[in-house]
Amino acid sequence: MHILLAEEYDIGLNCNDHSIRESADSEYVSFWEGEARKLEWFSPWSRALEWNLPFARWFKDGMINASYNALDVHQKSKSAKPAILWEGEDGSSRRITYGQLLEMVGQFAGVLASLGVKKGDRVAIYLPMVPELPVAMLACARIGAVHTVIFSGFSAASVRSRIVDSGSRVLVTADGGYRRGKIIPLKEIADEAVSHLDVTCVVLERTNQKIHMNPRDRLWSELVASPLDAVPLESSHPLFILYTSGTTGTPKGVLHGTGGYLTHVHSTFRWAFDIRDSDVYFCTADIGWITGHSYVVYAPLLCGATQVMYEGAPDYPDASRICQILQKYGITIFYTTPTAIRMLAKSGSPDTFDLSSLRLLGTVGEPINPSVWRWYYEHVGKKRCPIVDTWWQTETGGMMISALPGIETIPLKPGSATHYIPGIDIAIVDEEGRSVPPHTRGHLVVKRPWPGMLLTLWGDDSRYKEAYWSRYPGCYYSGDYAMCDDDKYVWLLGRADDVLKVAGHRIGTAEIEGSLVSHPQVAESAVCAIPDNLKGQAIAAFVVLKEGADCRRDLAETVRRDVGSIAVPKIICVVPRLPKTRSGKILRRILKAIACGEEIGDTSTLEDPGAVSDVSVAFARCQVD
Ligand code: WTA
């Protein structure tokens, strides 16, 4: 790995408060207590942290409500301030103030209650990027229901498994959603997902296309109820479940609590983005993923910020769409993914728009390579705007490693996420758990609890322990490779496990393999990531068929149906056999080397070394096809 020398990008914007790091490092629990006090609590906690490894309960017995902190607290000074400036894919717009948002949320909380939703019940939400999505989430939070948002690109089978696993009895969906000028038939997909389940569907009219209404369905517009106040909830009361991919075929239901999670996202948002009252913030993440939960819905609203929310595809009607939005709304803070930045670079559009309102840029979701970082700095930020490269995960709830222009000045290095955030203790260790020296790749672990950490995996404490806390005793295992340099800057080096990041979306190889082998003609399959110029990674699938007939097109359709279109492999390569060890384990490392054109390495453990040339020939033929 090539490391760049430090370059002086002065990122301190309003202060240089070293005392924050000092107090955070010496007494992290009381440090986070101080941060928690910046939110409104109905009653104080009795204990700041109860730590029964690996279960943390932050701000125990403190009573709080997420929707109250996102909305009610702003009503005195900000009820007329826009909370959401919504841009439809078709160019239409909506402006929703903090006052209006509170009304919508209170009302929908009443609707949920009238449908029988009570504190602790799960509510599944399968909506496009429209303001009613945060409204539905905050309405759940208002009454203590637990939302589980399902990305609108997921298939009926994925929606169904999440509804069943979470035990949701209510599904909030829409008649459709716009994507690249077409309508995604969300209602049809939802119907298939809930068939024969005891689920009530609330259907938002977004497209007004004709839909079939079943007895279980209720139209959003026809449901009226008196608004409800926010109920006080114990700090660890679950706020949401968000399913994410791991190393097995079954997605993990990451469960987050309330008080700790809100504290974490509230503080990190202020530190990383140095948010001010006059800012117009724009994060391109879909709310169906964690970035959308933490830094589109909760953090900006907790801070009383104004943000732009965009409904559609970033490249529709063409690749300049994001720049049009930046210019139209005078965006000051822009937070996006390396994939979106590469797309902007390819289009060249930033050079033809007025982006002078920008003052701070952010990136998240995948490693950003130094040349892309530089392009972002020069062409989007015009060498004026610092870039915060923020590393974190669905499980961590909020940022863990990032430059923090809101509190300190440091030089930036293109491609490094810089340092861990105050109060977080991170280490990079070898297979035995020993800290590795600078410039050596190791596993990124977290050494003590942090407020945004997941409570557990929904309904599966033992998988929670096994997946995150068993590899290195006492430490949280992130699944990422990293290294640090002589200045203690952290460089993220991608996943160490079978999790892929395609265009920033998290997908497990096992989910795709499970879908492929469900096809009657497939005997075996193995999936790996290959580098992709635009999406960072793309998916390559190797399949052994039971009979000779080529069913590749069918297979793409199978994955689309089982998981969703984001998981469809770019390359499906039919091979006569897969490289395996004598004990029958598929050596994905060899497939990856072949697919990436890298050195194959040691093949001595292979049962049949001839498999390597078979796969190489098949893969080369596949490239020609
Ligand atoms: C990757 C997204 C490098 C990482 C917030 C992590 C990153 C996974 C960065 C979590 C970054 C996230 N630099 N890699 N700044 N941010 N990642 O759960 O591999 O969708 O483990 O959360 O994304 O993905 P998730």
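A polar side-chain atom of Arg506 sits 2.7 Å from an oxygen atom of the ligand. Of the ligand's own 520 Å² of accessible area, the protein covers 97%. Accessible areas come from the Shrake-Rupley method with a 1.4 Å probe, and for residues only the protein chains shown count as cover.

The model is predicted: local features need pLDDT of at least 70, side-chain atom pairs count only at pLDDT 80 or more, and totals for chains, interfaces and linings use all residues. Residues are numbered from 1 along each chain as its sequence is written, and side-chain values use heavy atoms, with hydrogens and water left out.

**The ligand site**

The shell holds 17 residues, and the closest are Asp389, Thr394, Asp480, Arg495 and Arg506. A residue belongs here if one of its heavy atoms lies within 4 Å of the molecule. By class, the shell divides into 6 nonpolar, 5 polar and 6 charged residues. Nonpolar means Ala, Val, Leu, Ile, Met, Phe, Trp, Tyr, Cys and Pro; charged means Asp, Glu, Lys and Arg; the others, Gly among them, are polar.

Three elements each supply at least two shell residues: helix H10 (290–302), strand S20 (387–390) and strand S25 (490–495). Helices (H or I, at least four residues) and strands (E, at least two) are DSSP runs, numbered from the N terminus.

Thr394 also reaches the ligand. An N or O atom in the side chain of Thr394 is 2.5 Å from a ligand oxygen. Arg495 has a polar side-chain atom 2.7 Å from an oxygen atom of the ligand.

Arg495 has a protein partner too: it forms a salt bridge with Asp497. Arg495 is partly exposed at 22% relative accessibility. Asp497 is partly exposed as well, at 22%. Buried means under 20% relative accessible area, exposed over 50%, and partly exposed in between (1.4 Å probe, protein chains only).

**Salt bridges**

How many salt bridges does the structure hold? The count is 37. The criterion is a side-chain nitrogen of Lys or Arg within 4 Å of a carboxyl oxygen of Asp or Glu.

| Pair | N to O distance |
|---|---|
| Arg359 and Asp274 | 3.3 Å |
| Arg495 and Asp497 | 2.6 Å |
| Glu513 and Arg588 | 2.9 Å |

Why does the bridge between Arg359 and Asp274 tie together parts that are 85 residues apart in sequence? Arg359 lies in the loop between helix H12 (338–347) and strand S19 (360–364), while Asp274 lies in the loop between helix H9 (259–273) and strand S16 (280–283), so the pair spans that separation. Arg359 is buried at 16% relative accessibility. Asp274 is buried at 3%.

Glu513 and Arg588 meet in a salt bridge. This pair links distant parts of the chain, with Glu513 in helix H15 (residues 509–517) and Arg588 in helix H17 (residues 588–596), 75 residues apart. Glu513 is buried at 11% relative accessibility, whereas Arg588 is partly exposed at 27%. Elsewhere, salt bridges that share partners join Asp274, Arg276, Asp279 and Arg359 into one network.

**Strand S18 and its partners**

Strand S18 covers residues 333–336. Ile333 and Tyr335 point one way from S18, Phe334 and Thr336 point the other way, and all are buried. S18 pairs with S16 in the parallel sense over 3 bridges. Two strands pair if DSSP finds at least two bridges between them. Phe282 stands opposite Phe334 of S18. S18 also pairs with S19, in the parallel sense, over 4 bridges. There, the bridge partner of Thr336 is Thr363 in S19.

Helix H2 (residues 28–36) is mostly covered, with 7 of its 9 residues buried. They are Tyr28, Val29, Phe31, Trp32, Glu33, Glu35 and Ala36.

Ser67 belongs to helix H3 (residues 66–70). Ser67 is buried at 0% relative accessibility. The side chains of Ser67 and Arg142 make a polar contact at 2.6 Å. A polar contact is a pair of N or O atoms within 3.5 Å; within protein, one must be able to donate a hydrogen and the other to accept it, and residues adjacent in sequence count only if both atoms are side-chain atoms.

**An exposed loop residue**

Is Pro215 buried or exposed? Pro215 is exposed, at 81% relative accessible area. Pro215 lies in the loop between strand S11 (200–204) and strand S12 (217–219).
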